[in-house]
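I opened this entry to keep track of what I looked up, beginning with the overall form of one chain and ending with the contact between chains.

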Amino acid sequence: MLSAKKILALLFGVILVSLSSSWAGEAPTAEEKRKAEMFLKGAKLWPNYCANCHNAPGPSNRSPADWDLLMMHMRARANLPPDAAEAILEYLKKR
Amino acid sequence: MNRQKWVFGGVFLLSMLFSPLVLHGQEDIRALREEIRKMREDSEKQRQQMRALEEKLQRMEDQSAKKEKELEEKVAKQTSSWVDRYLKTQTGDTRYSLTGYAFGDYRWRSRHGNQNERINTFGAGFNPIFLYRLNDWIFFEGELELELEGTETEVALEYAQANVFLNDYMTLGVGKYLTPFGEFIERIHPAWIHKLITRPLPYRSTGAGGFLRFSEVGAQLRGAIPLGKLPGVETEYAVFVGNGPRFESEERGAPLENNFEDNNFGKVFGGRIGLRPLPFEWGWGRLKVGASTYNGKWNGDEWLNVWGLDAAYQKDLFELRGEYLGFHREMPAGVNTDRRGGWYLQGSYKLSEVPIRVIDRSEVILRFSALHQPRHGEIAPKPRQFTIGWDFWLTPSVVWKIEYDRDFPRGDKSGNQFLTQFALGF
């Protein structure tokens, strides 16, 4: 006959295993990984390009479509390399 | 004894009678088990067949989609011209956006130098910027400038330019554009970006002795090119052609005028080349240096040449920037050359690490600026200005500024100026 302690330990173990399997979730796709890397790159590039002139705008200021357009404006004005512009755009959209 | 025999016999008889039944029942169970096993096998076979059918269906759907796409592309190529294909938006949508900045300010200036006019006035300005995107490589930008002056509302077109990203390193701009000279005109002058209220002396409005108009009408080509393998080391460039310079008069020291139409069949050519020499991975901050030139005939055969050097350095909370401008205007025969020169040096420091509310959103700025030019009207020929400013950033793009200027021109009376401004970028 199992003791109450052993039953509780068993139950806890079952719950832990089921939760961990649900936390693991699905593996990120290649596109999601690329976007995550771009976000980190953009966060590092922001102070080196944009902060030369102005502060970072608030994250809720714009829609993603607005950020696309503003980045075109800034890419031309500040002579941004296109890879830097893409990374900073990803950072601005997701922060 | 007899009784035991009868019991034994009865049991024996009963077992003989029921054993076929028992045997038959066991056979039924075996048969039933066999049937269940067969049914399971059949079920598994059917599941496998279903899976195979689903995979086949998916393959067929993928092939069908691919063929449909190939057919669409083929039809598009056959029916549309290369111009239509180029202009077709890549996302299917055009976009437009309104941004810009606005400000309200107060200025107080004591009577000094040759200027008899004291100033004690409020002012305001509104600069909407309209952005329109045709596709990923063509967009339009335009800025209006609305300011109050005297009894009028002055409306000006700051710039209106169509831009085309020709490739990763070249952007073509056509229209009215901010003059790509130095750093202040193109990148620093908007009220919500510029940390002070007044402009550095060489970049004041030309009516107050500035050296250049802020915009040209023409075309420019610009871009940035990486140098070497270390990220962050780049060169940037801009070359432009425009209608050319025009002065208010032929007098030495006269200010430049708007040049919306070429008045002498002579264009202006110029450009800026910049260098960002520090790689990101060194962690030494960000340094930008540049050299600019502006050359055009202003009157018949007389040339105007303006050249400049600029530098800006930023690391963490500290920033230092400065520019030098030289100005050489050929004059008609018998008149001395109109030579001018000016510079400014500005340093600022963000106080975000001070653990006191309000102070941690502040920034202090110091600037020194000077220039020399021929005397013209009431404009002091050799002004010098020391400026101290304090900015309080309510948000990253909303700022309240306070500024004090001490003017001590050479050969003229000194004076003071106090200004405060509330500016916001949107």
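I first listed the secondary structure and found three helices and 16 strands in chain B, where helices (H or I, at least four residues) and strands (E, at least two) are DSSP runs numbered from the N terminus. The model is predicted, so that local features need pLDDT of at least 70 and side-chain atom pairs count only at pLDDT 80 or more, while totals for chains, interfaces and linings use all residues. Residues are numbered from 1 along each chain as its sequence is written, and chains are lettered from A and ligands numbered from 1 in the order in which they are written.

I then looked up the extent of chain B: its C-alpha trace spans about 160 × 65 × 45 Å along the principal axes.

Next I followed strand E3 (residues 138-149) of chain B, which pairs with strand E4 (residues 152-167) of chain B in the antiparallel sense over 12 bridges; strands pair if DSSP finds at least two bridges between them. Leu148(B) stands opposite Thr153(B) in E4(B), and the hairpin of E3(B) and E4(B) has two residues between the strands, with Gly150(B) in the turn at a positive phi of about 65°.

I noted that E4(B) also pairs in the antiparallel sense with strand E5 (residues 170-178) of chain B, over seven bridges, and that a hairpin joins E4(B) to E5(B) through two residues.

Last, I checked the interface, where 22 residues of chain A are in contact with 31 residues of chain B (C-beta atoms, placed from the backbone, within 7 Å). Helix H3 (residues 64-77) of chain A gives the most to the side of chain A that touches chain B, with nine residues.

How values were computed. Two residues are in contact if their C-beta atoms, placed from the backbone, lie within 7 Å.
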